[in-house]
Amino acid sequence: MSGAGSSQKGLGTRAIQAFALVVSFALLFALTHLAPQLDSRLATMTAIGFLVLAGTLLSELMEPLKLPHLSGYLLAGILGGPYALHLVDHQTVEQLAPVNTLALALIALAGGVELRVTTLRSVAKSLSVASLLQSTVVLVAMTGVFLVLAPYISFAKNLPWKALFGVALLWGALSVTRSPSACMGILSQTRAKGPLATFSLGFIMLSNVIVIVMLAAAIMLARPLITPNATISMSDFNVLGHEILGSISIGTTLGLLLAVYLRLVGGQLLLVLLGLGFGLTAALKYVQVDPLLTFLTAGFVVQNLSNQGSKLLQAVDQMGSVVFVLFFATAGAELDLPLLRQGWAIALALCLIRGVVTWMTARLSSRLAGDPMVVRQWGWTGLVPQAGLALGLGIVVEGAFPGIGTPFRSLVIAAASINEIIGPILFKLALDRTGETDTGEPVARPSLAPRAPVH
Amino acid sequence: MSDGIWLLLGLLLLAYLGSNLVGGRAIRGFGLPSGSEYLVLGFALGPHVLDVVGRSLAHTFEPVVLVGTGWLALVMGVGYVRVADRWINPGRAAVGVLLAAVCCVAVTAAVYFLAPMVAGFHGFQRLAIALGVGACASATTRHSVRWVVERHGARGPLADFAADAARASALVPPLALTVLFALSPGGALPSVPVIGRVGITLGFGAMMGLLAAQLLGRDFRRDESWGVMLGTGLLTLGAADRAGLSLIGATFAMGLALASSRHRLDIKAMLTPTEKPVLLPVVLLAGAYVSLKLPTAVFVLVGLAVVAKVLTRVWLGTLLALGPARGTGADFGVSMLASGGFTIAVALAFSTRFPGVASDAVLLFAVVSTVLGEWLAPAALRRSLGRAGELHMVAEGDGGRLSDAPDSLVSRESHG
C-alpha cells in the first residue's frame, strides 16, 4: 500500500491506470463469459492476478477522492465477485481462504509490533477507560436496541422472550467487535502518527482479546435461554482459558525465536513469514490455539524485548503490499449482495445506532480519561469498521445455535458489510482531518536505468 | 495438518535454500550449476522411491508448477538482453540463438524420424514429442557458464561469448513451445491459423508487458510495483492457459517487453531474486513427476535423442572452433550441453499440456540431459577457457568476476 502522499499523479498516469483497469476487467470477462466452455487449471491464480491488479488500480484511481485504498480493494472484489460481474466465482473465492489466513497472521504480527510498551503506557488510562466503557455500554445498548427492533427482524419476531433476550445478547457481544485488518490497512496506507493513530491501534488490538472472552461469556449465558433444557456450562471458559494462555505462551516463544532469527540471520524474511502464515497457522489451529492472538503476542515480544521490531515491520509491510490487497478484494468478492439487499434496512439501522452509541461512549470515555482533543473528537471513527472477526464470530454463533444460526449470521454479514464499507472511509477522513496522515512523498527514487538506447 | 501443508512447507524450505544461493557469490562455493541435486531429491521423494510426494499430491500442485514455469520465463525475458552491467552483444547473441535453433531442429528431426519406428508414435503425438524434445535440447543454461566463470575468475572474449550465447539460447525453447501449443488441436482459437495463434501468444504477452511497464510509472516504488507485476503476470498466465496458448511463450514475451521499460534495472533487481526460490521447488516437483514406468522403446527413443543432442553439440563445437572458440576443439561444443532449471521448466510446461507417454518421455529427456550436462559441460568449459588462456586463479575469499550481475545489483538482490 502506498503512502498517503502518492496522490500527486498526473492525468496521463490516471489514464493509463484506467485503461489497464478496463483491460483487466475486459480480459477476464472475455475469458469467463465469451468462452465459458474453456477449462482453466489456473482459475485461482487468474483470480489472484485479477484481484491484485484491479484492487491496486482502483485504489489508485480512488485516491483523488480521498478514499482509503482498501475501499478500492473492496470495490474491485465486489465488482469482479460472484454477485456482480461474476468474473470470480464462489468456488474460487473459497479457494482463496488460505490468503486470508496469511493476511490475518501478517496483520496480527504487524499489530503486535506496533504496540510499544512505552506508547501503551502513555495511553494506558485512556485505553482502560475506553475498553471498559466501549465493551459494556455497546454490549448493553445494542442488546437493548436488538430487543426493541426485534418486531422488524424476521427470524426474531416470533421468538419467546427468553430466547429473544439470548439472541439480543449475542448481537450485543458481536457489536463490540472491531476490525484490526481495516485499522492496520488504513494506518499502513496513511503512515499516520499521532494520538489518534496510537489510540485506535492500541484499543483495537486490545479489544480483540476482550471480544473473544465476551462472546464466550455471551454464548454461555445465551445457551440456556435459546436452547431448551440446556444449562450454563463453564466448560466454554475452560477451553477459552487454555486457548488464551496457550496463545500467549506460544506467541512469546515465537516472538523470541523470531527476534533471534532477525538478529542472527535476518534474510529471506518473506519466505519465513510465508511459512509462519501458512504452516504455523495450520499447526496452531490443530492444537486449538488462537493464531491471531499468538501472532499478536509474537509481534509484541519482538518489538518490546528486542531491537528487531522495525526490521520485522518492514518485511510485513513489504509482503502486505500484495497480501492486504488480495485480502480485502477477496472480502469484497465474498460480500453477499443479495443478502445485503434483502436485509439492508434493518442492518443499516443497527449499524447507525451502533455508530451513534460508539460515538457517544467514545466522547464519554475520552472526557473521563482526559484524552487529547483529537481523540475526543475522532477517536470513535477507528472503532466503527467491522470485518473478519465479526464474520468469524458469526460462524461460531451459527455453530452453537443451529436453530437461529443461519438467519442470525446473515444479519451479521449484512451489518458487517456496511460497517466494512463505511468504517474505513470515516477512519481515514479522521486521520486526514487531524493531520496525522503522513503527507510527505512516499519512499520513491528515480529509476536507476540509464537512458542509453538498447543495442 | 494435511499433506498439502507439509509439502507446501517443504517447498518453502527449498525456496529458502534457493534464496540463499541467489546472491551470486554463494553459488561459487557449493551447489551444482544445473540444480540436479534437487532433481534427484525430488525423484527420491517421488512415487518411485520413498513415495513421500505421491503422484496425486504432486498433481495437486500443478497450478504451482504452471505458475512457476511461467514466472521463470518472465524472469528470463526481463534479463534476456543484459549480461551483468552490459548489454548482450547482438552478434554473439545471434550466434547463440542460431546454435540453439540448429540444435532444436536437428534433435526434433531425429526424434520425428525415429519416433514411429522405435516407439510407435504417430500423428500429432509424434510431432509433439519431437518438438518437445527439441525445445528441451536447445538451451544452454547460463548458470553453468556463470558457475565456471565465477569459480575460475575467467575473463576474455571466449568467456563473454559463452555467457552471451548461453543467455541468447533461452529464446528458442519458449518459441518452440509457442509453435507446438499453436499446432495442437483444441484450444480457444480453433478458427485462427497456426501463425495467428503464435502471433497472439507473443503479442498478448508483449502487450501485458508493455502495460505493466507503463503502470510502473515515472517513479519506481518497489512495494506498489509488486501488485502490478504479480497482477499482470498471473493474469497473463491465466489467460494464456485458458486459451490453450503457451504460458512460457506469453510470459517470456512479457518479460522482453518489460525489459524495454526505463525501469528495467529495477525490475530485474526485483525479479531476479525470485528466480531461485521458484526454480528449486519446480525442479524438485519435476523430479517427483518423472515416471520410469515406460515401455522400453521409449527409453530407447530418449537415449537416441540424447545421442542426437550430444552429436549436434559436438559438431557445432567443431564449427565454432574455427571461429569464436578457436583452439578449443570439440570441448566448447560439449560445454554447451549444459542444461538446467529452465529446460526442466520447459519440459514441465510440455507435460502439463500434453499428459501421457509423450510427456513422460520429454521430461525424462530433460532430466537425463540435465544430469549428463552436469557431468560433462562445466569441465569442458573450464578446459576450453583454459586453452583460450582466459582462466585466472581466484584467491580464497575473492569474489571473482560475476558474469551475470553487477555488484550494485547483486548487493541489492542479496538483501532484497
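This is a predicted model: local features need pLDDT of at least 70, side-chain atom pairs count only at pLDDT 80 or more; totals for chains, interfaces and linings use all residues.
1. The crossing of helices α5(A) and α9(A) is left-handed. The contact draws on A:Ile107, A:Ala110 and A:Gly111 from α5(A), and on A:Pro180, A:Ser181 and A:Met184 from α9(A). By class, four residues of this contact are nonpolar, two are polar and none is charged.

2. Helix α5 of chain A covers residues 97-114 and helix α9 of chain A covers residues 180-190; the two pack at an angle of about 65°, with their axes 10 Å apart. Since angles of 65 to 115 degrees count as roughly perpendicular, α5(A) and α9(A) are therefore described as roughly perpendicular to each other.

3. Helix α3 of chain B (residues 36-45) and helix α14 of chain B (residues 264-289) pack at an angle of about 45°, and their axes are 6 Å apart. That angle makes α3(B) oblique to α14(B). The crossing of α3(B) and α14(B) is right-handed.

4. Which residues make the contact between α3(B) and α14(B)? On the side of α3(B) they are B:Tyr38, B:Leu39, B:Val40, B:Leu41, B:Gly42, B:Phe43 and B:Leu45. On the side of α14(B) they are B:Leu280, B:Val283, B:Leu284, B:Leu285, B:Ala286, B:Gly287 and B:Ala288. Of the residues in this contact, 12 are nonpolar, two are polar and none is charged.

5. Is α17(B) mostly covered or mostly uncovered? Helix α17(B) is mostly covered, with 12 of its 13 residues buried. The buried residues include B:Gly341, B:Phe342, B:Thr343, B:Ile344, B:Ala345 and B:Val346. Also among them are B:Ala347, B:Leu348, B:Ala349, B:Phe350, B:Ser351 and B:Arg353.

6. Finally, chain B may be considered as a whole. Chain B has 19 helices and three strands. Of its 416 residues, 62% count as buried.

Terms used: Residues are numbered from 1 along each chain as its sequence is written. Chains are lettered from A and ligands numbered from 1 in the order in which they are written. A residue is buried if 20 or more other C-beta atoms lie within 10 Å of its own, exposed if 12 or fewer, and partly exposed in between; C-beta atoms are placed from the backbone. Helices (H or I, at least four residues) and strands (E, at least two) are DSSP runs, numbered from the N terminus. Axes are lines fitted to C-alpha atoms, for helices over the stretch in contact, and angles run from 0 to 180 degrees between N-to-C directions. Angles under 35 degrees count as roughly parallel, over 145 as roughly antiparallel, 65 to 115 as roughly perpendicular and the rest as oblique. A crossing is left-handed if the near helix is turned anticlockwise from the far one by less than a right angle, and right-handed if clockwise. Two residues are in contact if their C-beta atoms, placed from the backbone, lie within 7 Å. Ala, Val, Leu, Ile, Met, Phe, Trp, Tyr, Cys and Pro count as nonpolar, Asp, Glu, Lys and Arg as charged, and the others, Gly among them, as polar.
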